[in-house]
Amino acid sequence: MKTSFSIIRTLNIYRSIWQTSSEWFITLPVIAISITLSFMIFLPIDNFFVSQLLTFISVTTISQIMGLKLIQTAIYNNGFTFFTIPSRTEERLIAMLMTLATNLVISIAAYYIGFILLLLANSFITEIFQISPFIQTENTCLLNPLNILSQDQQLSHYSIGQFICMLITLPALCFLAAFLCTIITSNQWIKSSIFMLLYICSTVIFIFFMRYLFSKTDSTLWQTIFLSPYFYILLAIGIISASFYKLKTKQIL
Amino acid sequence: MIQLKNISRAFGEKTVLKQINSDIRPGYIYGLLGKNGEGKTTLLKLICGLIFPDGGTCLVNGEEPRNRSLSVLSSIYLLPEEPYFPSVKVKTYINMYASFYKSFDKEICYRSLKAFEVSPESELKSLSLGQRKKAAIALAFGTNTPILLLDEPTNGLDIPSKSIFRQLLASIMNDKRTVIISTHQVRDLESLIDAVIILDKQNIVLNENLSDISKKLSFRKIMNDETPIYRQPSPLGTIGIIENTTNEETPVDLELLFNAVISKQEEIIAILTNNR
Amino acid sequence: MEFNNTQPIFIQIADYICSQTLQGLYKTESRIPSVRELAIQLEVNPNTVMRAYERLQNLEIIYNKRGIGYFIAPQALTQIQLLRRRQFINDTLPAIFKEMRLLGISISEIEAEYNNFLLNQI
């Protein structure tokens with residue numbers, strides 16, 4: 001007898017993952033905003049855009065690590081309950097992915113809020129105390145990836161679409177791989193190593209991708225495959241399927 | 001009904017369960033006895049699908065728990081020895097998990113909380129270990145599942161609470177429910193246990209209801225001229241187990257039975273399986 | 001209630017109901033606690049109470065009104081006395097007689113002690 005997928009059950013599982021630490025909704029944004037502020041103020045990089053980017057990446061990565069910690073608690077500390085509550089494996093999987101997604105959304109929102117606060121504080125203090133601004137604000141624009149592309153009017157909508165896809169898929173792939181590792185083992189070292197490895201690979205691939213995007217030459221075969229977002233989307237789907245299978249056969253020793 | 005067919009399970013080099021064949025029927029409160037590390041918790045985990053057997057099949061109402069189907073999971077609840085507690089209020093903790101069980105009975109749950117004197121408004125992290133355990137017990141009873149697996153439920157409870165636990169368990173027991181209590185504290189629960197499963201040497205060596213046992217074995221003081229199957233010294237003299245040739249029954253002394261089964265397995269089993 | 005370890009619990013429960021009846025705490029035709037209620041009260045398995053009630057039903061000390069509960073039978077007092085008498089003669093007396101023979105106490109000594117006992121009761 002197959003019971004059908006239930007959104008309510010999924011939400012309940014999602015809620016139970018979050019409630020392993022009830023202050024999460026406050027802790028996460030606070031940490032995210034603090035990191036944003038401190039990075040932006042103390043990072044000794046002249047290029048404002050680069051420091052924004054680095055901060056953004058750090059905040060989102062840290063939030064995902066925190067999210068994975070929640071999932072780790074659910075599987076390994078609370079495993080007896082997590083795997084015996086009447087629910088389908090798909091529901092468990094989606095609840096966990098929702099946790100990661102929510103973490104991401106909160107951290108991005110916190111990042112932007114932190115950034116706006118910083119700009120406000122910057123102009124406020126500059127006016128009151130008549131000192132030079134501690135942040136160079138000539139080129140201030142809130143991190144907007146499309147700005148990079150708008151510089152080159154020749155880029156087609158398709159290219160822009162590909163760019164956005166890669167921007168989302170590559171990091172997502174790193175997080176999903178770490179997620180799969182969390183399901184398979186509670187060993188932190190393996191998870192961190194794989195994550196770092198994929199992170200570095202993603203950065204390299206992204207650099208190649210950007211060069212490919214702006215070059216006008218014809219693409220080679222391997223460029224078409226490995227620099228196409230479709231490939232990475234397929235990989236992501238593969239990792240999610242592997243996660244499902246591993247979750248279904250997970251034993252709590 | 002829970003059926004164990006040729007179940008084997010090892011952890012690395014160590015075989016914990018080997019070729020176990022047994023049925024566990026509803027309507028009884030089973031005491032699951034065994035020495036430390038002999039596989040009691042492993043057996044409970046196999047029944048609720050947390051781990052899978054290396055060989056053989058486990059069937060709960062005809063389905064394998066390893067598939068974690070909703071019908072199996074809805075009919076079992078496992079209360080582990082050390083449950084995990086989130087940092088929330090008692091009532092939040094209860095509502096969090098109650099929503100998954102269609103059979104959840106709010107009245108039983110809150111009646112249990114009240115009997116244990118645990119307030120639903122308390123924060124779990126501000127409660128003592130014993131009080132948290134009581135909240136977990138209240139949730140377990142509240143789920144009202146046909147199969148209830150309790151791993152050392154009275155550990156950590158003070159003496160009055162053990163009494164309340166017994167009353168609550170007596171109040172939820174019926175002939176369609178199976179309760180399996182894995183415990184070392186047999187004295188706490190002797191009046192409630194009416195069937196016993198003994199695990200020894202990677203096998204279930206005994207799975208009987210106490211009424212049948214007391215018809216065939218007597219548990220009492222041993223006279224000098226008698227040859228009991230098993231004896232041990234006690235403040236009252238030598239007590240032991242002797243074949244029951246009379247129509248009188250004595251209450252089954254679970255500690256005595258356990259010790260006897262561990263040391264004189266063949267003799268005990270021979271008498272119990274006699275005239276089946 | 002404390003249970004001894006010489007008699008099965010269900011028999012001790014049955015005896016308890018009998019004692020309560022003899023003392024007049026359970027009156028004839030009055031309702032006694034349900035299986036579940038008594039199990040909770042005594043902290044025992046409901047199956048055990050069930051066995052006790054079955055025994056009492058067989059001895060015609062209680063009867064069951066379907067859907068309502070268990071009641072003390074009208075002939076309960078007589079039945080209990082019969083039962084106790086039988087237990088005394090079949091179980092208690094032989095043990096006393098054994099002791100008497102061992103210690104060489106005669107039946108006339110017992111009679112004298114019994115008369116003494118009755119006098120002291122007044």
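User: Which helix is A:Pro171 found in?
Analyst: Helices here are DSSP runs of H or I with at least four residues, strands are runs of E with at least two, and both are numbered from the N terminus. A:Pro171 sits in residues 157–184 of chain A, which is helix α7.

User: And is A:Pro171 buried or exposed?
Analyst: Keep in mind that this is a predicted model, with local features needing pLDDT of at least 70, side-chain atom pairs counting only at pLDDT 80 or more, and totals for chains, interfaces and linings using all residues. Residues are numbered from 1 along each chain as its sequence is written, while chains are lettered from A and ligands numbered from 1 in the order in which they are written. Buried takes 20 or more other C-beta atoms within 10 Å, exposed 12 or fewer, and partly exposed lies in between, with C-beta atoms placed from the backbone. A:Pro171 has 20 C-beta neighbours inside 10 Å, so it counts as buried.

User: How are α5(B) and α6(B) oriented to each other?
Analyst: Axes are lines fitted to C-alpha atoms over the stretch in contact, and angles run from 0 to 180 degrees between N-to-C directions. The α5 (129–143) and α6 (159–172) axes of chain B are 12 Å apart, at an angle of about 5 degrees. Under 35 degrees is roughly parallel, over 145 roughly antiparallel, 65 to 115 roughly perpendicular, and the rest oblique. So α5(B) and α6(B) are roughly parallel.

User: Which residues of α6(B) make that contact?
Analyst: Contact means C-beta atoms, placed from the backbone, within 7 Å. On the α5(B) side you'll find B:Gly130, B:Lys134, B:Ile137 and B:Phe141, and they meet B:Ser161, B:Phe165, B:Leu168 and B:Ile172.

User: Which element gives the most to the side of chain A that touches chain B?
Analyst: The contact takes 24 residues from chain A and 23 from chain B. Two elements of chain A give two or more residues to that side, α1 (7–18) and α4 (79–82). With four residues, the one giving the most is α1(A).

Notes. Contact = placed C-beta atoms within 7 Å.
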